[in-house]
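Visitor: Could you walk me through this one? I'd like to go through a few side chains and then a pair of helices.

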Amino acid sequence: MFKKIIRFLFRAVLWFFGISLFMVVLFKFVPVPFTPLMAIRFVENKFDGKEVYFNHDWEPLENISPNLQKAVIASEDGTFLKHSGFDFEAIEKAMKNNEQGKKLKGGSTISQQTAKNVFLWQGRSYLRKGLEAYFTVLIEFIWGKERIMEVYLNSIEMGNGVYGAQAAARHWYSKDASNLTKREAAGIAAILPNPRKFAASNSSSYINRRKDRIVRHMRYVGKLEY
């Protein structure tokens with residue numbers, strides 16, 4: 001009986017590694033059609049009896065304004081172009097800030113956020129963080145920075161039912177993602193911590209202050225060379 005359990009677990013692990021590797025390689029070349037979060041939000045709205053609004057348009061990275069790319073780097077991950085998937089200094093700081101609550105919060109790079117959004121569920125359990133680290137290593141090695149940024153900007157939640165840069169640009173500013181100004185890009189980046197609560201246009205004073213800070217930090221991102 002014990003041997004059967006061991007064999008089952010061994011096969012399950014092999015299947016997991018095989019399927020996960022296949023999915024990462026597939027999404028290096030194929031647009032990500034939907035994410036677990038999109039499915040969760042759809043079910044939540046259905047269950048709550050709310051109107052189901054879903055807007056997701058995939059655009060190649062060259063069709064997304066460099067202003068938005070710089071804005072998310074300035075806002076979410078200042079060392080994105082330099083690190084190998086993890087900002088250990090930020091992780092250490094986040095761990096210290098959360099020692100009392102024993103929660104893993106903050107310190108996630110754009111690579112980690114992309115791994116979580118595309119392959120995993122929401123939450124802060126140690127299991128999910130471990131899987132997040134595994135997928136982060138895979139996408140850094142197999143995809144590279146340019147593809148990670150492309151998937152990130154096409155997959156993340158940027159409003160209630162709004163996913164990806166093109167959908168966000170149309171929703172918030174009635175324009176294409178390729179035409180976003182610095183201020184508009186900063187507006188989208190500013191709401192990413194809670195895009196269903198905050199508004200990128202006609203924003204609160206809090207979000208306007210975040211926009212100002214992001215625009216200032218965008219100056220130091222420099223030329224994008226993936």
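**Salt bridges and a helix pair**

Guide: Arg170 counts as partly exposed, at 42% relative accessibility (buried means under 20% relative accessible area, exposed over 50%, partly exposed in between, with a 1.4 Å probe and protein chains only). This is a predicted model, in which local features need pLDDT of at least 70 and side-chain atom pairs count only at pLDDT 80 or more, while totals for chains, interfaces and linings use all residues. Residues are numbered from 1 along each chain as its sequence is written, and side-chain values use heavy atoms, with hydrogens and water left out.

Visitor: Which residue forms a salt bridge with Arg170?
Guide: Asp176 does, with the closest N and O atoms 4.0 Å apart; a salt bridge here is a side-chain nitrogen of Lys or Arg within 4 Å of a carboxyl oxygen of Asp or Glu. Asp176 is partly exposed, its relative accessible area being 33%.

Visitor: And how many salt bridges does the structure hold?
Guide: The structure holds 10, and among the residues involved, Arg41, Glu44, Glu157 and Arg196 are linked in a network.

Visitor: What about Asp212, which residue does its side chain meet in a salt bridge?
Guide: The side chain of Asp212 meets that of Arg183, at 2.4 Å from N to O. Asp212 lies in helix α10 (residues 205–218) and Arg183 in helix α9 (residues 182–190), so this pair ties together parts that are 29 residues apart in sequence; helices are DSSP runs of H or I with at least four residues, numbered from the N terminus.

Visitor: Switching to His83, is it buried or exposed?
Guide: His83 counts as buried, at 10% relative accessibility, and its place is in the loop between α3 (66–76) and α4 (88–97). Leaving aside residues up to four places away in sequence, His83 touches Asp77, Thr109, Ser111, Glu140 and Lys145, where contact means heavy atoms within 4.5 Å.

Visitor: What does Lys145 form with Glu140?
Guide: Lys145 forms a salt bridge with Glu140, the closest N and O atoms being 2.8 Å apart. Lys145 counts as buried at 13% relative accessibility, and Glu140 counts as buried at 16%.

Visitor: Last topic: at what angle do α5 and α7 pack?
Guide: Helix α5 (residues 110–119) and helix α7 (residues 145–155) pack at about 55 degrees, with their axes 9 Å apart; axes are lines fitted to C-alpha atoms over the stretch in contact, and angles run from 0 to 180 degrees between N-to-C directions.

Visitor: Which residues meet there?
Guide: Ile110, Ser111, Gln113, Thr114 and Val118 in α5 meet Lys145, Ile148, Met149, Val151, Tyr152 and Ser155 in α7.

How values were computed: Helix = DSSP H or I, 4+ residues; strand = E, 2+ residues; numbered from the N terminus.
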